[in-house]
Amino acid sequence: MGTKINTTLFQGALILTLASLLSKLLSAVYRVPFQNMVGDEGFYIFQQAYPFYGISMTLSLTAAPLFISKVVAEYNGDYNAQRWFLERSKRYLGVLGFVLFIALFIAAPWLANTMGDPSLTGIIRVTSVTYLLLPYLGSYRGFYQGDNDMTPTAVSQAVEQVVRVAIIIVGAYIGVYVLDVSLYHVGELAMSGAIIGGAAGAIILAVFDKKRRGLQQIPTMRPENLQLPRGIWRDMFAVIITSALLIWFQMADAFQIFRLLVASGIETDQAKILKGVYDRGQPLIQLGVVVVTSFSLSIIPMISKARIQRERVKLQRLVSFFMRTGIALGLAITVALVVMMPTLNYTLFADYEGVDVLQVFVAGLFLLTLLVIITSVLQGFNSMKAPAIAAVCGIIIKVMLNGVWLPEHGIIGSAWATNSALLASVLISVVILKQSINFEWPSWQFLIKLSFSVALMAAPLIIINYLPFVTNHRIVGLVVLIIASLIGALLFLFSASYLRVITRQDIVMLPMGRSVIKLIKKMKR
């Protein structure tokens with residue numbers, strides 16, 4: 001019986017993980033064809049409103065489900081208590097969602113003016129509608145996650161994102177090539193995908209719930225034994241801050257970059273294009289985050305298990321391993337993106353604008369990798385407050401440095417501000433983690449060997465930037481870029497394995513690690 005339950009839990013977690021990775025991948029990939037259709041100015045318009053959707057998505061996908069699932073899990077086996085809390089959660093989230101919708105809808109003109117572009121009012125108002133879906137998406141996902149049934153959440157999340165991305169691409173195409181409307185209206189059409197996708201996800205959850213509930217009555221009286229766990233609202237707020245850190249950075253950029261560029265003397269149209277070019281870095285960062293997230297998902301359960309079993313030595317080894325592997329993984333991905341940026345920028349976005357800015361921007365992926373891993377370790381120690389403190393400090397530093405560096409250094413100043421904020425968050429997180437457990441830092445020998453392996457990996461990626469047939473043809477460039485990336489990855493794995501930068505045990509922990517080991521064995525033969 002226990003084996004069957006564990007198998008069910010594992011399968012549910014695997015389905016939810018795959019759905020999460022699919023959503024992140026789609027969220028990164030769709031931006032490229034979208035930018036190709038609407039240009040940098042149209043991309044600027046969409047990205048200005050995106051943070052408001054990002055917060056809505058965090059509430060409905062992470063924060064609210066976490067809050068609800070904890071309570072539902074506390075009353076496992078007591079259907080009346082679970083069901084009563086579900087219905088009450090829908091009411092609470094309904095009020096919260098409606099208040100946020102009204103506030104954002106009414107404040108849209110003021111927010112757009114504060115950003116420096118009154119024409120953004122429409123797309124912000126479209127985004128505000130997504131908050132009305134919060135009671136359905138957040139409550140049902142939390143209910144089923146708390147009951148260890150991950151399938152409804154996974155399926156609804158996948159359907160929501162597939163529909164959203166489809167509407168974004170189709171809406172952009174119709175707006176640009178069929179209706180020939182202004183880019184602001186194209187942005188509104190594209191953003192409506194978030195509403196339609198969310199509604200599709202809510203319908204999927206309702207269908208699951210109808211099948212699950214059957215003819216059982218919904219309780220109307222509060223069960224006498226129902227009590228909320230202590231600190232649950234605090235944890236929910238901490239999750240909103242921590243898991244949406246990049247979205248809060250994007251929010252700061254939305255309110256500061258365009259306005260400060262115009263204030264510094266740059267023409268309005270040029271400032272929009274510069275912001276659009278800067279936003280090209282978002283999908284590139286997100287592609288890196290997909291890899292890092294898939295690796296970090298294994299951290300929390302392993303740390304939690306060792307902590308509960310009070311295996312102190314194992315905890316120290318695990319934390320040291322995660323830090324060492326995180327540094328290796330983060331540095332390899334970051335260097336690859338930085339050195340291939342000229343060709344990557346042309347291949348994806350059809351020109352070489354803003355290469356230096358994008359190189360600085362994606363360099364922050366190394367720090368983000370460390371932050372994600374340290375945050376996962378801290379959450380494994382059941383610490384929600386510490387990562388939130390580090391995130392809040394990072395957000396404050398980002399806003400302050402934007403205000404100082406943007407007027408002085410232009411758009412690249414915002415990229416440096418992001419990296420500085422991430423560095424501050426990482427340092428604060430490390431200090432907090434050191435108070436929880438004493439782990440070993442990677443040795444100088446490890447760092448020297450890692451640097452050699454990364455340099456070997458970077459060589460083919462640097463060479464392609466100087467091949468004329470690559471820099472003049474986008475399709476050819478994409479094919480060569482993929483081949484060079486695969487060669488670079490294999491060179492890195494062979495070198496890191498030979499120098500024991502990454503051991504066989506380390507590779508197993510990476511995404512598709514076992515497949516990589518099998519491939520290396522075959523090639524050695």
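Some ground rules come first. Residue numbers start from 1 along each chain as its sequence is written, and side-chain values use heavy atoms, with hydrogens and water left out. Since the model is predicted, local features need pLDDT of at least 70 and side-chain atom pairs count only at pLDDT 80 or more, while totals for chains, interfaces and linings use all residues.

On confidence, pLDDT (the predictor's confidence in each residue, from 0 to 100) averages 85 over the protein chain, and 86% of the residues reach 70 or more. Among the elements, helix α4 (residues 121-128) has the highest mean pLDDT, at 97, and helix α21 (residues 504-509) the lowest, at 61. Over residues 1-10, pLDDT stays under 50. For that stretch the model has 1 contact beyond four places in sequence, where contact means heavy atoms within 4.5 Å.

As for the fold, the protein chain has 22 helices and 0 strands. Both kinds of element are DSSP runs numbered from the N terminus: helices are H or I with at least four residues, and strands are E with at least two. Of the 525 residues, 53% count as buried; that label means under 20% relative accessible area, with exposed over 50% and partly exposed in between (1.4 Å probe, protein chains only). Among contacts between residues at least 6 apart in sequence, 81% join residues at least 24 apart.

Next come the charged pairs. Side chains of opposite charge can pair when their charged atoms come close. The structure holds 9 salt bridges, each being a side-chain nitrogen of Lys or Arg within 4 Å of a carboxyl oxygen of Asp or Glu. One of them joins the side chains of R83 and D209, at 2.6 Å from N to O. This pair links distant parts of the chain, with R83 in helix α3 (residues 79-115) and D209 in helix α7 (residues 183-213), 126 residues apart. Both R83 and D209 are buried. Another salt bridge brings together the side chains of K90 and E87, at 3.5 Å from N to O. K90 and E87 are separated by about one helical turn, because they sit 3 residues apart in helix α3. Like the previous pair, K90 and E87 are buried. Salt bridges that share partners join R83, E87, K90 and D209 into one network. The side chains of K275 and D279 also form a salt bridge, at 2.7 Å from N to O, and both K275 and D279 are buried.

The structure holds 3 cavities of 30 Å³ or more. On a 1 Å grid over the protein atoms alone, a cavity is a set of points where a 1.4 Å probe fits but cannot get out, and lining residues have an atom within 4 Å of a point. Grid points are joined across faces, edges and corners, and a volume is the space filled by probe spheres set on the points.

The largest cavity has a volume of about 100 Å³. Its lining counts 13 residues, of which L246, F249, Q282, F361 and T418 lie nearest the centre. The elements giving two or more residues to that lining are α9 (245-263), α11 (281-296), α15 (355-380) and α17 (411-436). The lining residues of the largest cavity divide into 7 nonpolar, 5 polar and 1 charged. Here Ala, Val, Leu, Ile, Met, Phe, Trp, Tyr, Cys and Pro count as nonpolar, Asp, Glu, Lys and Arg as charged, and the others, Gly among them, as polar.

The second largest cavity comes in at about 50 Å³. Residues lining the second largest cavity are Y53, S56, M57, S60, T130, L133, L137, E160, A194 and G198. Two or more of these come from each of α2 (31-74) and α7, with α2 giving the largest share, 4 residues. This lining splits into 5 nonpolar, 4 polar and 1 charged.

T127 lies in helix α4 and counts as buried because its relative accessibility is 0%. Leaving aside neighbours within four places in sequence, T127 is in contact with A49, F52, Y53 and M191. Not counting residues up to four places away in sequence, T242 touches T375, Q379, P387, A388 and A391.

How values were computed
On a 1 Å grid over the protein atoms alone, a cavity is a set of points where a 1.4 Å probe fits but cannot get out, and a pocket is an open set with protein on both sides within 12 Å along at least five of seven lines; lining residues have an atom within 4 Å of a point.
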